[in-house]
Structure formats: structure tokens, C-alpha cells
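Please show me the structure that we are to read. I would like to learn how to look at strands and charged pairs.

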Amino acid sequence: MPLMDKKAIEALSESDMKGLAEADSRGFLLPPGENLADYKKRLQEMMHSYSEIEKDLNSTDKYNIFGEFVLDTRMRITPEIMGEAADLTRKYYEFSIDWVPGFFISKSLGLLWGGCAISFPDQNQLSIFIIRANFAEKKRWLFYTRDELLAHELCHVARLPVRDRTFEELFAYRLSPSRLRRYMGNCFRHDYDAILFILPVFLLLAVQILRLFFGLDQKIPIWPFWIFAGLYPLFLMLRNHLNRNIFFRAKRNLEKAGCGKALPVLFRCTKNELERMSLLIDPEKLKAWMDGKAESELRWKVIKFRFMDIM
């Protein structure tokens, strides 16, 4: 399906809350501080960029991305499969995306790799999904399910304009059927988190080998390396725990204030906004704060219209 009709974008106005709400429901989220003119310009640029990509995809059997991935355009993910993921994001966060092209890829990118969204630098929300070819015929592979994997990436695409990584993985992993992934998912926010997690473990292994095979057990004590190997995982767990506390306090405060759709509201918020909502225990103070945000920012005006009209 097309992103949005050009005339529909041009017709958007601050008084047309239904039109803005429809755009939001299709995954075109407003970022912090963006005004209507910039929002419309961004949507038009996205529509143009995706139209160009579609032309390229329709004109060739092979599509090259950054010189690293060659996609077989005949292996495109069907709308029906994309719809499985959209059902999840609609259920939890009140949006569905049907405008990002996706492909099954047979090239091996790692034993445990399931898929990812490739985003184009300097272009908001311009992305392409790639998932391993096993999912073309199967809904489950190893510990992944197809709808979870795609819905996870859809969350990342939708929240790209928000540009806030602190709670990014928490929102994406909340769609997982795995309790462990829901809890641990937000530990790894950046690429370097995984590197700093695993490097001390490899160092510990190397020291153990030196002690065992070269008789250095009396010269090299092992306990400092055990401590070193545990420090970063401990930091990740503590950071994750603190962020989860902020998230659940904010959710609880919203619900106490009468918001029946707290998750979609939080999904559209920044780290600072989540922290603020987590501290506003008094429902009336929270309502007043959100009313103030809606008066000063278009993004919050849309949020209030869609999810807090009963407040």
C-alpha cells in the first residue's frame, strides 16, 4: 500500500485531528518539537523516497543495499505475513505499518540471527526489513516466532522519529511471548553493550587456559577476572531494573489518572517524559502536566486526542 496520498498530506491541519490521528495510527509518529509544516514535509519526502525504492524493486530481480545485502525481489514478504505483525503492534501500541518493504533472505548472517530492519542514514523511518528464509514457510524458527520478530522491528521503525534509545528495546520486547525476553530485552541498547558484555568473558576464558596449560595458576590469580567479567552484566541488569521501574510507575500513574490506553501513550514518549510521568503520583497533577504538553506541542495534541479523550 502507498504511504499516504499526496493530497491527504497536503490537507493535514492542526484542526484536522482525525487526519493526524489516522497518520499516527499508520505509524507516522510525530517527533518531539516537530511542527505541522515540518511533519508534512517529512511525510512528502518519505513518500518520494519509498516511491523511488519501489521503482527500483519493480525494475530488477536483485536489489543491492549498501553493497552488503543483495535482495531477491521475488522473495518479498507478503502483505498477509506483514499483517500478522501489524495485529500485534495495533493491539499493544495502536499503530500498524504496511508501507515498509520486507524480504526473505537466504544468505546466512549468523546461527542465531532471525532478521532486522535496515534503516537508511539521515532519512527518518526509511527502512527495509530482511528476515531469514526459514520464515517464508514456517511461523517459528528456534526460539523466534515470525510475528514477534516483524512486530519487534516495526516498533523500531515507528519510534525512529522519537530518537530515544533508553526505552526502545523495552517497548519492542514487550511484544514477545517469552517472559525472559520481555524482562531482559532492554539490557542491550547499543552495539557496544553486547561487546562489553562478552569481552571480559573471553578474557576470563583466556586466563583460565593460561593457568591450566602453562602452569600459571600460582602467578595469576583468577578472582579479579571473575569480578571483571561480572561488572558489566551487573551494570546492565541494574540499568534495566531502574528503567523498568520508571516505565511501570509511569504506566501505573497514567492508569490511576483514568487513561485506559497507557501503553500507546508511553510508546510515543521520550525518556524525560517517562521519567516525569513516573514522578507525578497525583492524578490531577499528571492531567494538568499532559494538558500543558498538548497546548504547547502538536505531538501531545495528537496523543491526547487519540488516547486521553476521557481524561
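The dialogue below takes up a sheet and then some salt bridges.

Q: What kind of model is this?
A: This is a predicted model, in which local features need pLDDT of at least 70 and side-chain atom pairs count only at pLDDT 80 or more, while totals for chains, interfaces and linings use all residues. Residues are numbered from 1 along each chain as its sequence is written, and side-chain values use heavy atoms, with hydrogens and water left out.

Q: In what order do the strands of the open sheet stand?
A: Strands of a sheet pair through backbone hydrogen bonds, either parallel or antiparallel. Here 3 strands form an open sheet in the order β3-β5-β4, with mixed pairing. Strands (E, at least two residues) and helices (H or I, at least four) are DSSP runs numbered from the N terminus, and two strands pair if DSSP finds at least two bridges between them.

Q: Why is one side of β3 and of β4 left without a neighbour in the sheet?
A: β3 (102–105) and β4 (115–119) stand at the edges and each has a single partner strand, so one side of each has no neighbour in the sheet. Neighbouring strands of this sheet are turned by 25° against each other on average, direction ignored.

Q: In which sense do β3 and β5 pair?
A: β3 pairs with β5 (residues 127–132) in the parallel sense, over 4 bridges. Phenylalanine 104 stands opposite isoleucine 131 in β5.

Q: How many salt bridges are there?
A: Side chains of opposite charge can pair when their charged atoms come close. A salt bridge is a side-chain nitrogen of Lys or Arg within 4 Å of a carboxyl oxygen of Asp or Glu. By this rule the count is 23.

Q: Which parts of the chain does the pair of aspartate 24 and arginine 268 link?
A: The closest N and O atoms of this salt bridge are 2.9 Å apart. Aspartate 24 is in helix α2 (residues 17–25), and arginine 268 is in the loop between α10 (262–267) and α11 (271–279), 244 residues apart. Both residues are buried (under 20% relative accessible area; exposed is over 50%, partly exposed in between; 1.4 Å probe, protein chains only). Asp24 and Arg268 also belong to a network of salt bridges with Glu94, Lys261 and Arg306.

Q: Where do glutamate 284 and lysine 287 lie?
A: Both are in helix α12 (residues 283–296), 3 residues apart, about one turn of the helix. Glutamate 284 is exposed, with a relative accessible area of 53%, whereas lysine 287 is partly exposed, at 24%.

How values were computed:
Axes fitted to C-alpha atoms, helices over the stretch in contact; angles between N-to-C directions.
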